[in-house]
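Thanks for coming. I will walk through one model, a few residues at a time, so please have the picture open.

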Amino acid sequence: MSNWADLTSGKRIKHLRGADLTQQGLAEAAGVSYALVQKAEQDRGELSVGSLLKLAAALNTDVAVILGQQAPRRGMDQSNRAALRRLSDAVHESALGEWEGIDDPSSTDDLAAARDLAWGAYWDSDTAKVSSLATRVLMEGRVRYAGATGAERDRLAVVLASTYRVAASCANGFGQRDLALSALTSARLLAKQADDPLMTALLESTLSWIYLRGARMPRAVAVAERAALEIEPSFSKASRPQLLAYGRLMISAAVAASRREDENAADDYISQAHAAAARLGGDMNSTGPVSGRRRRRRKLSGFMLP
């Protein structure tokens, strides 16, 4: 499967529908028109919050998955259980300083590259690869971080915080709330030490998704709103990373508001996300802008930042 975050919303819906469910069958299951399903899969027009909720329910998934904010969840088979155990060990042992035997950790550049690969594996729903890469970064990165100073220490802190965040996202996808929160706790301390408000905002957006997964809708909205206020951009002057983080937080808040049936609030949050998207002037994936045609198709689906 292609990187889930790089697909359009229409392609995600089609993939989730699969070959066993027709468009007409999805329309009937969701209680929407056949024409709406056709347009959705062809990325023609924007889906309302209500339609997103109905389609997500019919596909037995989350709105976050359709929007590309979360990879599709897999069943907890033996391979995934083993991968999550390794990831849990790495999250806790790295935070506790249990990294004996690592005498020659990888360079900061290599660790950053492995972090990026871990995020790619997360969007490909490759839990074993996420576990393998994140474990390496957390254990080796903590060793190097302990002896680093100045700019290198700050950079390592952000790499580690982002890696704890992918661990939290992976754990949350399998409903492992305690592991997800443990990873975020370590990540927030590192982001604070690096004095990186944007990373802090992204960690809060992940925390919001954890609350969404646990059906704590008011808390999910409150966390996203609080973080958004901290970095709320002046759209004429805001940096690209600031707009990316703000847009992601607004989508988190929109999904939470829609689930508690607060349509007005959900529409307001989505409007704010659209404003950030318009200011970016291109696709909102951290890998850079895309062509105009593809940009029109992807709309809000790409508020991704490792």
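**Contacts, charges and a few loops**

I start with the side chains of D43 and T8, which are joined by a polar contact of 2.7 Å. By polar contact I mean a pair of N or O atoms within 3.5 Å; within protein, one must be able to donate a hydrogen and the other to accept it, and residues adjacent in sequence count only if both atoms are side-chain atoms.

Before going on, a word on where this comes from. This is a predicted model, in which local features need pLDDT of at least 70 and side-chain atom pairs count only at pLDDT 80 or more, while totals for chains, interfaces and linings use all residues. Residues are numbered from 1 along each chain as its sequence is written, and side-chain values use heavy atoms, with hydrogens and water left out.

Back to D43. Where does D43 sit? D43 is in the loop between α3 (34–41) and α4 (49–58). Helices here are DSSP runs of H or I with at least four residues, strands are runs of E with at least two, and both are numbered from the N terminus. The D43 side chain also reaches the backbone nitrogen of G10, at 2.9 Å. Phi of D43 is positive, near 55 degrees, in a residue other than glycine.

Is D43 buried or exposed? D43 counts as buried because its relative accessibility is 12%. The cut-offs are under 20% relative accessible area for buried, over 50% for exposed, and partly exposed in between, with a 1.4 Å probe and protein chains only. The areas themselves come from the Shrake-Rupley method with that 1.4 Å probe, and for residues only the protein chains shown count as cover.

S125 also has a positive phi, of about 60 degrees, although S125 is not a glycine. You will find S125 in the loop between α7 and α8 (127–147). S125 has a relative accessible area of 8%, so it is buried.

Next, salt bridges. How many salt bridges does the structure hold? There are seven. A salt bridge is a side-chain nitrogen of Lys or Arg within 4 Å of a carboxyl oxygen of Asp or Glu.

Another is formed by the side chains of D109 and R155, with an N to O distance of 2.6 Å. R155 counts as partly exposed because its relative accessibility is 39%.

The last one I picked is between E152 and R144, whose closest N and O atoms are 4.0 Å apart. E152 is partly exposed, with a relative accessible area of 34%, and R144 is partly exposed too, at 26%.

Now the surface. Which residues form a negative surface patch? They are D89, E93, E98 and E100. E100 lies in the loop between α6 (78–96) and α7 (108–123), and is exposed because its relative accessible area is 75%. Patches are made of residues with over 30% relative accessible area and no salt bridge; like charges are joined within 9 Å, and nonpolar side chains (Val, Leu, Ile, Met, Phe, Trp, Tyr) within 5 Å. Asp and Glu count as negative, Lys and Arg as positive, and His and the chain ends are not counted. The place of a charge is taken as NZ of Lys, CZ of Arg, CG of Asp or CD of Glu.

S33 is in the loop between α2 (23–30) and α3, and a polar atom of the S33 side chain lies 3.0 Å from the backbone nitrogen of L36. S33 is partly exposed, with a relative accessible area of 40%.

T185 is placed in helix α10 (residues 177–193). A polar atom of the T185 side chain lies 2.9 Å from the backbone oxygen of L181. T185 and Y164 are 21 residues apart along the chain, and their C-alpha atoms are separated by 8.8 Å.

A27 belongs to helix α2 and, at 1% relative accessibility, counts as buried. A27 and L55 are 28 residues apart in sequence and 8.1 Å apart in space, C-alpha to C-alpha.
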